[in-house]
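Subject: Handover of a structure for your review

Dear colleague,

Please find below the sequence and structure that I am handing over to you. My notes on what was found follow directly after.

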Amino acid sequence: MTSTTLSVPEIHCGHCKSAIEGAVGPLEGVRTVEVDVDGRFVRVEHDEAVTVRALVDVIEDQGYDVPEQEALAN
């Protein structure tokens with residue numbers, strides 16, 4: 001299992017949290033998704049088959065920018 005934390009500066013409310021969790025959660029290989037509204041980041045626990053690029057693409061498809069330099073795999 002891998003943990004990836006992505007900075008998403010545009011997160012600011014419960015709707016943002018719901019939109020991102022609802023989009024990332026169903027991805028095959030994703031175990032958990034935690035959106036921290038105050039910290040403006042998304043932490044995803046996932047299988048190694050799930051790429052950071054896939055996570056970024058899904059979040060950006062919801063209308064949120066994910067700065068590439070902020071995409072960190074832990």
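**Nonpolar core**

The largest nonpolar core has 20 residues, and those touching the most other members are Val8, Ile20, Val24, Val42 and Ile59. Two or more residues of this core come from each of helix H1 (14-24), strand S2 (30-36), strand S3 (41-46) and helix H2 (52-61). H1 gives the largest share, five residues. A nonpolar core here is a set of buried Ala, Val, Leu, Ile, Met, Phe, Trp, Tyr and Cys residues joined through side-chain atoms within 4.5 Å. Buried stands for under 20% relative accessible area, exposed for over 50%, and partly exposed for what lies in between (1.4 Å probe, protein chains only). Helices (H or I, at least four residues) and strands (E, at least two) are DSSP runs, numbered from the N terminus.

**Basis of the values**

The model is predicted, and for that reason local features need pLDDT of at least 70 and side-chain atom pairs count only at pLDDT 80 or more, whereas totals for chains, interfaces and linings use all residues. Residues are numbered from 1 along each chain as its sequence is written, and side-chain values use heavy atoms, with hydrogens and water left out.

Which residues does Val24 contact, leaving aside its neighbours within four places in sequence? They are Val30, Val33, Val44, Leu55, Val58 and Ile59, where contact means heavy atoms within 4.5 Å. Val56 belongs to helix H2 and is buried, at a relative accessible area of 1%. Between Val56 and Val24 there are 32 residues of separation in sequence, and their C-alpha atoms are 9.4 Å apart in space.

**Overall fold**

The chain has two helices and four strands, and from the N terminus on its elements run β-α-β-β-α-β. The C-alpha trace spans about 30 × 25 × 20 Å along its principal axes. For 74 residues, a compact globule would have a radius of gyration near 11 Å, and the value for the chain, 11 Å, agrees with this. That radius is taken over C-alpha atoms, and the globule rule is 2.2 Å times the number of residues to the power 0.38.

Of the 74 residues in the chain, 38% are buried. Among contacts with a separation of 6 or more, 63% are between residues 24 or more positions apart. The accessible surface of the chain is about 4,100 Å², and carbon and sulfur atoms account for 46% of this area. Accessible areas come from the Shrake-Rupley method with a 1.4 Å probe; for residues, only the protein chains shown count as cover.

**Salt bridges**

There are four salt bridges in the structure, each defined as a side-chain nitrogen of Lys or Arg within 4 Å of a carboxyl oxygen of Asp or Glu. One of them joins Glu34 to Arg43, with the closest N and O atoms 3.6 Å apart. Both partners are partly exposed: Glu34 has 38% relative accessibility and Arg43 has a relative accessible area of 30%.

Arg53, Asp57 and Glu60 are linked in a network of salt bridges. The side chains of Asp57 and Arg53 meet at 2.9 Å, N to O; these two residues both lie in helix H2, four residues apart, about one turn of the helix. Glu60 pairs with Arg53 at 3.7 Å between the closest N and O atoms.

**Cysteines**

The structure holds zero disulfides, a disulfide being a pair of cysteine sulfur atoms within 2.5 Å. Cys13 is in no disulfide, and the nearest cysteine sulfur, that of Cys16, is 3.5 Å away. Cys13 is partly exposed, at a relative accessible area of 25%, whereas Cys16 is buried, at 2%.

**A backbone point**

Arg40 has a positive phi of about 55° although it is not a glycine. Arg40 is found in the loop between S2 and S3 and counts as partly exposed, at 40% relative accessibility.

Kind regards
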